[in-house]
Amino acid sequence: MTVFDADGIAAQRDAAYYELFTDWRRDTDFFATVARRIGGPILELGCGTGRITIPIAQAGIDIDGIDIAPERLRIARQAAERLSPTTPVRFFPADIRKFSLDNTYRLALFPYRVLQELTTTTDKIDCLRCVHDHLDRGGFVLVDNYCPSVAYLATDPDSCTTTSEKHGPAGEHIRRTQRVISRNHADQTQQLEVVYDITDPDGTTEHLVIPYQTSYIFRLELEHLLARYGFTMTEIWGGYEFQDFGTDPPGELIVLAQRVDRSS
Ligand SMILES: C[S@@+](CC[C@H](N)C(=O)[O-])C[C@H]1O[C@@H](n2cnc3c(N)ncnc32)[C@H](O)[C@@H]1O
């Protein structure tokens with residue numbers, strides 16, 4: 001049986017398995033270090049299941065997370081409920097392109113390519129405008145993107161398929177395949193698909209397909225985009241060990257920028 005995302009079953013499975021299939025990432029300490037260095041309160045844009053939000057809150061730093069996906073937020077809230085009630089974390093459903101919160105922040109975080117999930121310049125600008133409006137004077141924004149090499153963009157999408165297999169909490173076997181369906185170089189977007197093939201211990205199978213899109217943003221574009229909404233780049237790294245950008249391309253493009261107030 002094939003179930004598409006619209007009916008919510010695929011979204012539930014995808015949220016439930018999200019952290020299982022992101023366990024290869026080694027970015028939590030990086031974000032926690034920057035969070036400690038700059039201090040709170042912090043806003044995480046596209047916080048998902050709270051993978052980054054929760055460890056920062058556990059370090060005693062005030063953090064709010066917003067996300068558009070209810071199933072991911074449900075998991076984030078469940079994780080927060082297991083913490084001490086004084087842990088300074090809150091989760092809100094919101095679209096990062098248009099949100100209004102009752103707080104302002106010292107740092108806004110975009111961990112794991114969240115800005116790339118916005119596929120038009122208008123969406124990115126709307127998001128950065130909202131972030132700017134929610135930052136304290138002199139506050140910071142940290143954008144964590146993936147910058148593809150030109151060689152990668154020229155490869156056949158069929159050669160970019162990745163597959164991994166895990167066992168879920170109920171003993172089910174999960175095969176997760178991520179495919180690039182197509183690229184549109186004119187608007188710098190990729191159409192992708194995540195497919196879950198799940199086999200329960202009793203032999204029941206599920207085939208779930210989740211289509212999604214991302215955009216790719218180059219280093220200078222990111223600088224211009226940030227400048228357009230009143231941010232000036234203060235640091236740039238190429239990975240979660242704070243290494244220089246460009247030492248290992250293609251790779252992470254992580255930019256820390258500060259809110260500039262022209263009137264000040
Ligand atoms: C790759 S995940 C990153 C999640 C989390 N930051 C992490 O590092 O694990 C991207 C997240 O962005 C969220 N997202 C995408 N578009 C969004 C939007 N317009 N508004 C709010 N959240 C959005 C998705 O629901 C997803 O949880």
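Analyst: The largest nonpolar core has 52 residues, and Ile42, Leu45 and Ala108 touch the most other members. Such a core is a set of buried Ala, Val, Leu, Ile, Met, Phe, Trp, Tyr and Cys residues joined through C-beta atoms within 7 Å. A residue is buried if 20 or more other C-beta atoms lie within 10 Å of its own, exposed if 12 or fewer, and partly exposed in between, with C-beta atoms placed from the backbone. Strand 6, residues 135–147, gives the most to this core: 6 residues. Strands (E, at least two residues) and helices (H or I, at least four) are DSSP runs, numbered from the N terminus.

The model is predicted: local features need pLDDT of at least 70, side-chain atom pairs count only at pLDDT 80 or more, and totals for chains, interfaces and linings use all residues. Residues are numbered from 1 along each chain as its sequence is written.

Now Ala108. Beyond its neighbours within four places in sequence, Ala108 is in contact with Leu43, Leu45, Val131, His134, Leu135 and Val141. Contact means that the C-beta atoms, placed from the backbone, lie within 7 Å.

A second, separate core has 5 residues, including Tyr17, Ile174, Tyr196 and Leu208. In soluble globular proteins, nonpolar side chains tend to be buried together.

Buried residues make up 33% of its 264 residues. Among contacts between residues at least 6 apart in sequence, 65% join residues at least 24 apart. The C-alpha atoms fill a box of roughly 65 × 50 × 30 Å, taken along the principal axes.

Note on methods:
Contact = placed C-beta atoms within 7 Å.
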